[in-house]
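The following note sets out several points on the model shown below. It is arranged for checking against the coordinates.

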Amino acid sequence: MSHLNEEQLVLYYYGEETAGVEDHLGECEACREGYHALQRVLNSVDSLPVPERGADYEARVWRNVEGALPRKRGFAERWFTWKPLLTAGAMAALVIAAFLAGRALQKPKGPIVADSQVRERILLVAVGDHLERSQTMLVELSNAGTSKGGQLDISYEQRAAEDLLESNRLYRQTAVSAGDNATASLLEDLERVLLEVAHSPSAMSEEQLKELRKQIEDQGILFKVKVFGSQVEERQAAPPSGSPVL
Amino acid sequence: MEDSDHVAVARVRAGDEDAYRLLVDRHSRSVFRLAFRMTGNEQDSEDVVQETFLRAYKQLHRWEARSSFSTWLYRIAANYSLDLVRRRKRHGEVAMAESAGPEDDAVQALPSTAPGPDRLLFSGRVQECVASTLNELSQQERTAFVLRHFEGQSIEEISAALGLSGNAAKHSIFRAVQKLRRALEPLVNTAS
């Protein structure tokens, strides 16, 4: 009789796979012991404390949320809905301006190498954030379903995509001028997908949504962004060296 | 609760913004618990709660009535927590340093019939070990594990929430369990 492996036991613990496991546990003492050991560990995880919230917690959350809900905003406040998006574009422009100014002013020798590394790291962080925002938007779009009328309103994502497009162009041009072809190529792929989202109809049918998802999948952009994100983390964790990081 | 969530969402969609308060009242504590298990940081968890309800409001037209509102809400919270922790890591901040929260408060909150000092000491060590092991998991492992273990979401729901294949979601959970097992087994076995 072959024994159950750990994966089967984990799936059984969470009720994901029960076929045959229960019978086996009834007959096999070794697997039963293994399962009890797993149970003890996973049950002990439940002891992790979470800080208690006060009695007025819900009211406090509501006060904060209510003040920021889009429908209650006047003209001046509506501007703030766009503020994070505008800020992202402005940040991209600032980071790139600082990067290019630093390159223009850079002297050929001496401790400036360290400054250039700092600048390039700042740019790396900014590109990482940009990719993460793009990834979040694309994952949300990929997971969205159409409503009862068979239509999906993607106007929120389109506004985000338009803003991301602007930052993307700036970051791509900077990557090209810094000679970082890998980053430039990823940003070029991302640009194509962002363009698709920005220029799609804002109310999409199930078919149109499927087509858009297919285009996102065909580009493999989510996978590429995830891989790049892990590489960015590794490069950030690595001690500074003489080579450029972007 | 799910039925009344459906009613509340229908009211919000019909323009009754105050009905959204009902959803905030029902779910803010559980979203906070999820966020704290994901980020390990109290302040970040507060930010996650607020941002989750704002994002959910803006995307309420996307929620499909055949699915559970709380599962959909947790998906938004988990993704935002994930972004937040990644961003903190990238910016070199240590967001998870608070780990399991104020232990002193937890001890003070115990009733007078609490277990004896040995048991408390042991339980404190287990909590500490759980918190530090969770902090050592990759963000994907931690998110998948928290959603499966604490929130009871299925592997299918987790893979949809994180944009992963079913196998990748499953393996993230397995790796998380293996790491927890390596760290906790010696401790919990001494007690049994």
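1. B:Ala78 touches B:Leu34, B:Met38, B:Thr143, B:Leu147 and B:Ala161, leaving aside residues up to four places away in sequence; contact requires C-beta atoms, placed from the backbone, within 7 Å. The model is predicted: local features need pLDDT of at least 70, side-chain atom pairs count only at pLDDT 80 or more, and totals for chains, interfaces and linings use all residues. Residues are numbered from 1 along each chain as its sequence is written, while chains are lettered from A and ligands numbered from 1 in the order in which they are written.

2. The largest nonpolar core has 59 residues, and B:Ala78 is among those touching the most other members, as are B:Leu34 and B:Leu73. Such a core joins buried Ala, Val, Leu, Ile, Met, Phe, Trp, Tyr and Cys residues through C-beta atoms within 7 Å; buried denotes 20 or more other C-beta atoms within 10 Å, exposed 12 or fewer, and partly exposed in between. Helix α4 (residues 69–90) of chain B gives the most to this core, namely 11 residues; helices are DSSP runs (H or I, at least four residues), numbered from the N terminus.

3. A second, separate core of 28 residues includes A:Ala126, A:Leu141, A:Leu164 and A:Leu187.

4. Chain A contributes 45 residues to the contact and chain B 53 residues. On the side of chain A that touches chain B, α6(A) provides the largest share, eight residues.

5. A:Glu206 lies in helix α9 (residues 206–219) of chain A. This residue, A:Glu206, is exposed because 12 other C-beta atoms lie within 10 Å.

How values were computed:
Helices (H or I, at least four residues) and strands (E, at least two) are DSSP runs, numbered from the N terminus. Two residues are in contact if their C-beta atoms, placed from the backbone, lie within 7 Å.
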